[in-house]
Each structure stands twice: as C-alpha cells, then as structure tokens.
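Subject: the two-chain model

Hi,

Here is the model I promised to pass on.

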Amino acid sequence: MQARKKALLLSILPGFGQFYNKQWIKGLLFLGLGISFFLVFGDLLNMGFWGLATLGTEVPRDNSIFLLAEGLIAVIVTVFGLAFYYVNLRDAYKNGKLRDENKPLSSLKSDYQNLIAQGYPYLISGPSLFILIFAVIFPILFSFALAFTNYDLYHSPPANLADWVGFDTFAKIFTVDIWRSTFFSVLGWTIIWTLVASTLQVALGIFMAVLVNQKDLRFKKFYRTILVLPWAVPGFVTILIFAGLFNDSFGAINNDILAMLGIDAIPWLTDENWTKVALILMQGWLGFPFIFLVTTGVLQSIPDDLYEAARIDGASIFAQFRNITMPMILIATAPVIITQYTFNFNNFNIIYLFNGGGPSVPGSTAGGTDILVSWIYKLTLQSSQYSLAAALTILLSVFVIAIALWQFRRTDAFKEGA
Amino acid sequence: MNKAKFFRLLISHAILIFMVIIIIYPLLWTVGASFNPGNSLISTTMIPQNPTLDHYRELFAGSESLQYVQWYLNSLKISIFTMIGAVICVSFTAYAFSRFRFKGRQNALTLFLLLQMIPQFSALIALFVLAQILGMMNSHWLLILLYIGGLIPLNTYLMKGYMDSIPMDLDESAKIDGASNTRIFLQIIMPLSKPMIAVVAMTGFTGPLGDFILASTILRSPEYYTLPIGLYNLVNDVMGASFTTFAAGAILISIPIAIIFLLLQKNFVSGLTAGGTKG
C-alpha cells in the first residue's frame, strides 16, 4: 500500500497519519486539537443533535426553543470540526505522497510560514466571519428552522413543547382564509408602497439636482444645504415629528395649513388610504435628499465639452438632457437607486413609528398600512405567532433576493473587474 | 437676459423656494414646539408666545421615566463602538477580498450579497432567544455585536469596490521594497480609502441611532435604553402628552448629527459613486 493511502487512513484518528509520517510534533498538535474538540464540545454536540431531532420530550425539563438554538450551534460547530478534520486528512495525504515520491517532507517551520502566507486573507477576515456567523447567519438559520415548527403561544415553553411540522405553516398561509387574505393584502400594499415611494424619492431627487445644477442659477450653495437637511436629521426623529404634525385632531397640518387654505380636516391617521398618502409623501421628503446628493456629484463630474459639442450640433436643452444628462445619471447611480427600492421594501421604521401600521383592520393581525416586515414584527412581539412570522420571513427573503439578483444582473454594476 | 431664460430661472427659483419651505417647516415647527410652554400638541405653535426653557431643564432633571442623559450616553457608547468595530472589520475584510485570491472568495462574496438583502431584524425571535440563552438581555455589547454584524455585508462590498479602484502597482512596488501585507494595508490602502472609510464610519455611527427594532427587542429596562426607544416611549406612552419635551430631546440629538452629516457629505458622494461604478 502506498504511503499516502496509509497516512490518509491512519489520520481518520487525527494525528496518527502524521505520526506515521514521523512528524511527531504536528501529529501531537492534531491529536491534541482533536481530543480537546470532543472534550469541549462533546456534550454540546450530543445534546444539540438530540435536541434538534426531538425538540424535547418532557415538560418542564426541556425547552424546545433553547434546544433548537443549541442544536443549530452544534451544527455550526460541527461544520468547523469537519473543516479541521479535512485539513488533517489533507496534510497526512500530502506528506504521504511526498514520501511515495521520495521527496523530503515539509518541516513544521515551512508549514508555519506557508500557513501565514496563504492564511493571511483568512486571518484578517476571520473576526468578521465570526461576527457574521454569530449575529447574522445563526439568527437567520434559527428563523428559517422555526418556520418548520409549530412554535406559537400554545406551543411555547415552559408549559408546552414545540414540534417539527414540516411545510404545514406555509400551506396554512395559502389555505386558511384569514391568513391568505391578510397575506395578499399586505403583500400588495408592500409592493405598491415600494414602487411608489421609491420612485417618488428617486424622481424628486434627480429633478431637484438637475434644477439646482443649472449653470446660471444663483444661491446654489444655499439651496443645496437646505435640500440635504432631511437626510442629515436622524430619521426616527423626523418620523415622530411628522406623526405629531399629521395628528388628526391636534396636528398642525390639519389645524394650521389646511385650515388656512379652507380645506376640511383630513383623517390622516384613522383612514387607511389617507395614512398611505401621508406615508408616501413623508418617504418622498425623507428619501429624496440622498438621491439629490449622489446625483449632484454625478452632474458635477460630467465634462462641459459634451454639452458644448451638443450645442454646436444644434441640440436643444431637452435633447441635451435626454441624451447626455439622464444616461450619465442613471449609469452612475443605478446601484444606489436599486438599494432605495430594497430599503423601502423593508422600511420598518417609517411604517411602525408613524402610526404603528394602523389604522387597525378588524379581524386581522395586520393593520391597514402594515408592510411585510412590520407585520412580521407584530406577529412576533404582539400575537406570538412565531412560526407564522418565520415562514413569512422566508417568503419575504426569497422574494427580495429574487428581485435584487435579477436587477443586479441587469445593471452589471456589481460585476467584478479582475 | 432673454425672456425664455428669465422664465426658466423664475420657475426654478419658485420650485426651489417651495421645496425649501416644505423642508424647513417641520424642522422649525419642532424648534418652536420645544420652547412652547405646556406639554401637549394642542397648544403647540411655531412661534411660542411665552417661550420657555422648561422642557430642556426637564430633560436633565433625571426623573425615573425620563433619563435623557443616560440614554444619550448609552447611544453615544453604542454608536462609537459600533463605528470602530465596523471600520476595523469592514476594512480588513475588504482588503482581503480586494487584494487576495483565496479559496472560497467568490462564494463568500455571493454570500455577502445575499445576506445584505435579508433584513437582519426578520430574525428577531432568534436574536431574542439568543440574548436569553446568553443571559445578555439589556446588554449593550450584544447589541453592538449585532449592529456590527449587520453592517459587514453591504459595507464590505462597497469598500471592496473602492479598494479595487486603487492601482495594484502601488502594492507591488511596496512588496518589492519588502513591506509586509499588514504594512501595505495600513500605510497605502487605508490612507487612500479615506473617503470610503468616512462613509463606513458614518453609517456605523448613525446606524444605531436610527434603529428601533433590535434595540427595543434586547434593551428592556429604561436605564439601558438608547435615544430612539426612549424618545419613542416619551411620545407614545400618553399620546401627544409629552410632545414638547420630546421635541427638545430630538433637537439636542439632531443638531450634532446633522452637522456631522453636512461636513462629511462630500465623502459620501465620492465614496458611493466610486465604489458602485468601479466595483
């Protein structure tokens, strides 16, 4: 049998392949790491996988949700363990191969130097990866797992156990009448909201930038400073202020402005459609300055020669705008514009802080202006329908990712240079 | 001045002045409200008849339900550490992605792109459970880690795009002179990425100030609140009842932030457009 195969087989127990290759120190390192892995994580793995499979068998001893979390941590730890195991196998195989070819084995020192050189990018991105796993990937996996359980108010610890139910929750979203109608009305408004509000802020931003950037316009600096103010003031502050301004009975918009114009008070917060109008107007106010800023930057970088050449050719101002200005703006700001749409799709703050997603709709868990994320928030924190919330999260993520990928592919803005 | 030009400018100014009024009105109204005597929205007018500083005094009086100074410090602490953490994590990772070709790089980039699209707070229940398991309810450090994690994907992407636009020749000549990777990063790449670093720093600093959901899930006792939760509760506990005090508190947080934003806006524009188009 060749040395490489022997080494590979022996290192099924970490370190033994290295011993066979007479690399004692490295072998001890691998063996030590392997043993300590099981010493440290043995209980967690045992308990974790048991919990993941059963979600607990006995109340009040077992807490399904904690078991699920531990189970997922066990899965993540296992992935790292397997990666380490793979390194161990590969090292034994590689050195065995060197022996077969009668070449000198790599020394510990050269291995170390190799590790530093090759491992540098891993080393410097390691902390980020760790934080990502802990703060982003684990929570997402957890939510996704919850979607396949029946975890809700009636199946929650410590009094009750939750259990795996497969795709039941998803099926219910589309079959239970009240869920289906709520889901589709919320989804419909989410889409309308995203399209209308984002388009309004993008159009307004570009329009204002072009307006201010006219060569012969005076007070440019003044206008620019004022127009970016809504972007500079923290969003939560402005939304809460607007909630006061739009207040049906005491707000300044009804009492001062509309009264001055002789218009009757409008039920901004109690009528669903008026709330929607108010939300879209507010998002226009809040969102346009950012587009304005970016577009202004682009406009200032367009060389004057282009316009001069166009003028000599007899192009009108509108032709110049359509054929030079607009394409330049759209090419340079496309990625920024796309992010406005994904941002508004998940724009929880404005919906929740303005009116709590209200006015409320009788018999439904979602308010009249709830978008998907704020509905999920309410399902989680107010009506404890965790598995439903989790299933919706999956649907929402699939939806956003599909659209965004399609968009990114179309613009190619994120394509790699090298 | 010919007629067409005159009308064009006239209409432009008219539109702009209209926009200026729409923007200024709510802001001035808030300033007015903060000086209004009384508590409620009803009596609030833009130019108060008997201006008073009572509401500002109330903020610093430190009552049980209104620990404004404590919230301010909490927010400041969370923002500063999130900013530092995000800048370090993002710039190192972006450097790795921009300058090294390693195994798993392409997959990691795709993963970042996907993670950036799933809103972090849709994993709310998980974060809630996580905090309970770790015994870290009310922990600012947990919150800071979560914020940093949420900032990494998108910002790494933008930063990588920006670093890609820095010519490789610079690294290579430094390498020939015997500079280590870390040294190249600190002495060449970092200084040249300053505009983008400013962008990441600013999003890191202001992100926590705009977040309501994560903070309200994890921070449950008033002494740990950040400004957004504290001020939201102030307005909503008794609807409109403490609006004037809220206005005063809102102004004290908005002014410093607005100044930072206005000072750094140039960086923002150059950072974003460069990162986007040359990515």
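Below is what I found in it, starting with a word on numbering and confidence.

Residues are numbered from 1 along each chain as its sequence is written, and chains are lettered from A and ligands numbered from 1 in the order in which they are written. Bear in mind that this is a predicted model, so local features need pLDDT of at least 70 and side-chain atom pairs count only at pLDDT 80 or more, while totals for chains, interfaces and linings use all residues.

First, where the chains meet. The contact draws 75 residues from chain A and 73 residues from chain B (two residues are in contact if their C-beta atoms, placed from the backbone, lie within 7 Å). On the chain A side, helix H5 (residues 108-146) gives the most, with 17 residues (helices are DSSP runs of H or I, at least four residues, numbered from the N terminus). That side of chain A has 59 nonpolar, 15 polar and one charged residues. For those classes, Ala, Val, Leu, Ile, Met, Phe, Trp, Tyr, Cys and Pro count as nonpolar, Asp, Glu, Lys and Arg as charged, and the others, Gly among them, as polar.

One helix pair spans the two chains. H8 of chain A (residues 220-227) packs on H1 of chain B (residues 3-35) at about 35°, with axes 10 Å apart. (Axes are lines fitted to C-alpha atoms, for helices over the stretch in contact, and angles run from 0 to 180 degrees between N-to-C directions.) The crossing is left-handed, as the near helix is turned anticlockwise from the far one by less than a right angle; clockwise would be right-handed. Tyr223(A), Ile226(A) and Leu227(A) meet Leu16(B), Met19(B), Val20(B), Ile23(B) and Ile24(B) there.

Within chain A, look at H12 (residues 272-301) and H14 (residues 317-345), whose axes come within 10 Å and cross at roughly 155°. Residues in the contact include Gly287(A) and Val294(A) from H12(A), and Ala332(A) and Gln340(A) from H14(A). The contact divides into six nonpolar, six polar and no charged residues.

Now the interior. H15 of chain A (residues 348-355) has eight of its eight residues buried (20 or more other C-beta atoms within 10 Å of a residue's own, placed from the backbone; 12 or fewer is exposed, in between is partly exposed). They pack against helices of both chains, among them H12 of chain A and H9 (194-210) of chain B. Gly356(A), with a positive phi near 60°, follows H15(A).

The largest nonpolar core has 165 residues, and Leu353(A), Phe354(A) and Leu143(B) are among those with the most contacts inside it. (Such a core is a set of buried Ala, Val, Leu, Ile, Met, Phe, Trp, Tyr and Cys residues joined through C-beta atoms within 7 Å.)

Most residues other than glycine have a negative phi. Phe219(A), in the loop between H7 and H8 of chain A, has a positive phi near 60°, and is partly exposed with 13 other C-beta atoms within 10 Å. Ser384(A) has a positive phi of about 55° in the loop between H16 and H17 of chain A; with 15 C-beta neighbours inside 10 Å, Ser384(A) is also partly exposed.

Cheers
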